[in-house]
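Subject: Structure for you to look at

Hello,

Here is the structure I promised. Please open it beside this email and follow along.

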Amino acid sequence: MLLQQLVNGLMLGSTYSLIAIGYALIFGVLGLVHLAHGEVFMMGALIGLQIVLWLHAGPAVALVGALLGTAALGVVIELTAFRPIRARNGPIFAPMVSTIGVGLILQEVATKAFGGEQVGFPHRLEPVTWRLGPVTISSVQVLILGTALVLMLALHLWVTRTRMGMAMRASAESTLTARLLGISTDRVILVTFAVASALAGAAGVLVGLSFNAISPFMGIDMGVKGLAIMLLGGLGNIYGAMVGGLLLGAIEVLSVAYLASSYRDAFVFAVMILILLFRPQGLFGVGQVR
Amino acid sequence: MIDSYWESVLIFLAINTVLALSLYLPISAGQLSLGHGGFMAIGAYVSVICTTWLGWPLVAGLAGGGLAAGLAGAVVGFPALRIKGIYLIILTMGFGEIVRIFFLNFEPTGQASGIGGIKHLTTLPLVTLVAALMLLCLARFRHARIGRALRAVQEDEVAAEAMGVDLTRVKVGAFALGALGAGIGGGLYAHHALFIDPAQFGFFRSAEIFLIVVLGGLGSYWGPVVGAAVVTLLPELLRFVQDWRMTVFGTLLILCAVLRPAGLLSGRRRAAA
């Protein structure tokens, strides 16, 4: 029973991780909060759904389509809502205004294009279930956990092994120094937005597959939660975000199983606030609070 | 005379002004908060309980709602002493969510279906009076000891403390007073909307109040007034674009942020670079 809950928690948590990593990447490089990141996640789910509905493709094609679509969306958001403000040296809260604007636009565009109701993926994707001792795992769960882990591994390799990934880490350390060392920080930021948004888009497809509840407003809760997880893992720390997401998924599922289920989200935020009070730098953060 | 439609819009404008002014206070002490929807919810629910169930007059209900929200604000304000910036934004956001989820599950207040049948007690003169009083208080504050202390804390906490500013009192006080104002705003809102449910006080409400303040600009206490006017009236004036009005509104928000990053009324002093 406990083991089963943990498996479910990890599955849910892996989608949280993908979103929180996106926040962490963007915060790491810019030190800013992107309040429309939840809407990017929502667009990923809707793009994936449309691909399945119109092209009759499988979840893999939907995933790739959503990755590409949201990456492009992320680039557009950086160019319209962040870069012009950076160019004018705006205060940290100015991008919060512009991204609230972006979120409103995306919600309305999604409502107009795809309707306001909750929809799910067609049931052609019949899940197969396997029993491993006391634990039951469905093929959808394997797909979700597998995809999330592969994406996180890819991200880890990108950040540590490629020139662009290293340039991103350098920019996160200090944009000014990175620029002095000949790194085109504007390009790095653009790539960071593309990667962060693609991860959110993938999470959208995965959540759509597991809960069958896709709507233009699904991004609000997820955006708020992802932000909390990013903070939990330590601001701008992508590995913290990975672990934080898995941890919160597990906490959430366990609190449903053993405590009052209707308070699950409240419980998650209470844990976050408690951790903030005792370890303001986050669970895996090091050094000073900025 | 103005017709009832515009009267209603003006009441919402005044309520938004009250909410924005109440958030302006903690923000002017450097405490960015995205949880004002939570304080507003507390004020709305408590005041409705006072007027509808206990039969108190509106003013007493507002006082009750404001005090309840102010108490919650003092409790949240203490942790806010230790953390700031992005951390505080996310902490307050978590608080707002907890309040919403609480009311979503609390049986006496109707859970998700909320409370209906609230008497229409909020009138235009009353909200205007409340907004004007708050504006007057802020204007008096600005040049008083407390206002100078607030600005000192916003500029540099360590220096302010070294100068003898009691950091705990100023910061927790600003936060609690802000919450009190939001509670009163919530009470006024409930007695005009006539129906409240937890969904009305979610993240979006908090973001809207935050938006009003930041859009108006932090340089002066007229900023929240201008912000409230823009955020309330613009969607009404954009009715001619009908189905796309949030898109147009969103685009205008982006333009505002890009063209006037420090707010529409950005003062001589840039707030927090």
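Two residues are in contact here if their C-beta atoms, placed from the backbone, lie within 7 Å. Keep that in mind for what follows. Also note that this is a predicted model.

**Leu232 in chain A**

Start with Leu232(A). Its place is in helix α9 of chain A. Is Leu232(A) buried or exposed? The cut-off for buried is 20 or more other C-beta atoms within 10 Å. Leu232(A) has 28 within that distance, so it counts as buried.

Which residues does Leu232(A) touch, once neighbours within four places in sequence are left aside? The contacts are Gly244(A), Leu248(A), Met272(A), Ile275(A), Gly282(A) and Leu283(A). In sequence, 41 residues separate Ile273(A) from Leu232(A). In space, their C-alpha atoms are 9.0 Å apart.

**Where the chains meet**

Next, the contact between the chains. Chain A puts in 43 residues, and chain B puts in 40. On the side of chain A that touches chain B, four helices each supply at least two residues: α3 (59-87), α4 (94-114), α9 (218-233) and α11 (264-278). The largest share comes from α4(A), with 14 residues. By type, this side of chain A has 32 nonpolar residues, six polar and five charged.

**Chain B overall**

Now turn to chain B. Its secondary structure is 11 helices and zero strands. The C-alpha trace spans about 55 × 40 × 35 Å along its principal axes. How does the radius of gyration of chain B sit with that of a compact globule? For 273 residues, such a globule would have a value near 19 Å. Chain B has 18 Å, which agrees.

Of the 273 residues in chain B, 53% count as buried. Consider also the contacts in chain B between residues at least 6 apart in sequence. Of these, 78% join residues at least 24 apart.

**Helix α6 of chain B**

One helix to finish. Helix α6 of chain B covers residues 145-155. Its buried residues are Ala149(B), Leu150(B) and Val153(B). They span an arc of only 100 degrees around the axis, so they lie on the same side of α6(B). What covers them?

Best wishes

Note on methods
Residues are numbered from 1 along each chain as its sequence is written. Chains are lettered from A and ligands numbered from 1 in the order in which they are written. This is a predicted model: local features need pLDDT of at least 70, side-chain atom pairs count only at pLDDT 80 or more; totals for chains, interfaces and linings use all residues. A residue is buried if 20 or more other C-beta atoms lie within 10 Å of its own, exposed if 12 or fewer, and partly exposed in between; C-beta atoms are placed from the backbone. The arc is that of the directions from the helix axis to the C-beta atoms. Ala, Val, Leu, Ile, Met, Phe, Trp, Tyr, Cys and Pro count as nonpolar, Asp, Glu, Lys and Arg as charged, and the others, Gly among them, as polar. The radius of gyration is taken over C-alpha atoms; the globule rule is 2.2 Å times the number of residues to the power 0.38.
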